[in-house]
Amino acid sequence: GGALDPAFEERGWIMGRTYLNAVYAGGGLAVLTIDEDTTEEYAQLADGLIMTGAFSWVPRPAVALKGSVEAGSHRHEMDQGLFFNFKKLEKPIYGICLGEQMMNLYSGGSLSLYFKEDIHNEHMLSEHYCKADKGSLLNKLFGDEFLINSRHNNRVERVAEGFKVTAVASHDDTIEA
């Protein structure tokens, strides 16, 4: 995801090792792209796409807003290019948190921004249970209900045509997958 580095003053990219470890554990090799102009070539090279969650930790509050505006706008340009190029080639795309929300948005769905203000339910730096849809891959992997960490301000409001909800938060039915 977008981040500011090396001293949180310049635009850069960051990737959590959990994503990389999951790809390696599945027998894959993770390939990262950092240039918005190479999304078509990347889609041709890779077998599938993981659209990750957001990275928004900035240790210095004075530059936090700059980071979310500058790095975040580049992240969305990159994600949009990758999504449409992988879709055109009919390759698998897996979205996590922000990635899942953007897939829905790019496909005609909508988001509710800062939804916690409307429903008064916190999803920031918290844990909660999710209910998995019967027959879904998540249900097969984790059962009817599973615990997740939650860190998001936005949520899917209207699901894009052709998408299927496979998990919701147990306490407020926020779409999680």
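Start with the salt bridges: a search of this whole predicted model finds 3 of them. Side chains of opposite charge can pair when their charged atoms come close.

**Stop one.** Select Asp 173 and Lys 131, whose side chains form a salt bridge at 3.3 Å, N to O. Asp 173 sits in the segment after strand 9 (167-169) and Lys 131 in strand 6 (residues 124-132), so this pair ties together parts that are 42 residues apart in sequence. Asp 173 is partly exposed at 47% relative accessibility, and Lys 131 is partly exposed at 36%.

**Stop two.** Now pick Asp 133 and Lys 164, which meet in a salt bridge of 2.9 Å, N to O. Asp 133 belongs to the loop between strand 6 and helix 6 (137-142), and Lys 164 to the loop between strand 8 (155-158) and strand 9. Is Lys 164 buried or exposed? With 59% relative accessibility, Lys 164 counts as exposed.

**Stop three.** Select Asp 144 and Lys 134, where the closest N and O atoms are 2.7 Å apart in a salt bridge. The two residues are 10 apart, with Asp 144 in the loop between helix 6 and strand 7 (145-151) and Lys 134 in the loop between strand 6 and helix 6.

**Stop four.** Next, show Asp 35, Asp 37, Glu 40 and Glu 41, which gather in a negatively charged patch on the surface. Glu 40 is part of helix 2 (residues 39-45).

**Stop five.** Move on to helix 4 (residues 98-106), where 8 of the 9 residues are buried. Among them are Leu 98, Met 102 and Tyr 106. After helix 4 comes Gly 108, with a positive phi near 105°.

Methods: Residues are numbered from 1 along each chain as its sequence is written. This is a predicted model: local features need pLDDT of at least 70, side-chain atom pairs count only at pLDDT 80 or more; totals for chains, interfaces and linings use all residues. Side-chain values use heavy atoms; hydrogens and water are left out. Patches are made of residues with over 30% relative accessible area and no salt bridge: like charges are joined within 9 Å, nonpolar side chains (Val, Leu, Ile, Met, Phe, Trp, Tyr) within 5 Å. Accessible areas come from the Shrake-Rupley method with a 1.4 Å probe; for residues, only the protein chains shown count as cover. A salt bridge is a side-chain nitrogen of Lys or Arg within 4 Å of a carboxyl oxygen of Asp or Glu. Lys and Arg count as positive and Asp and Glu as negative; His and the chain ends are not counted. The place of a charge is taken as NZ of Lys, CZ of Arg, CG of Asp or CD of Glu. Helices (H or I, at least four residues) and strands (E, at least two) are DSSP runs, numbered from the N terminus. Buried means under 20% relative accessible area, exposed over 50%, partly exposed in between (1.4 Å probe, protein chains only).
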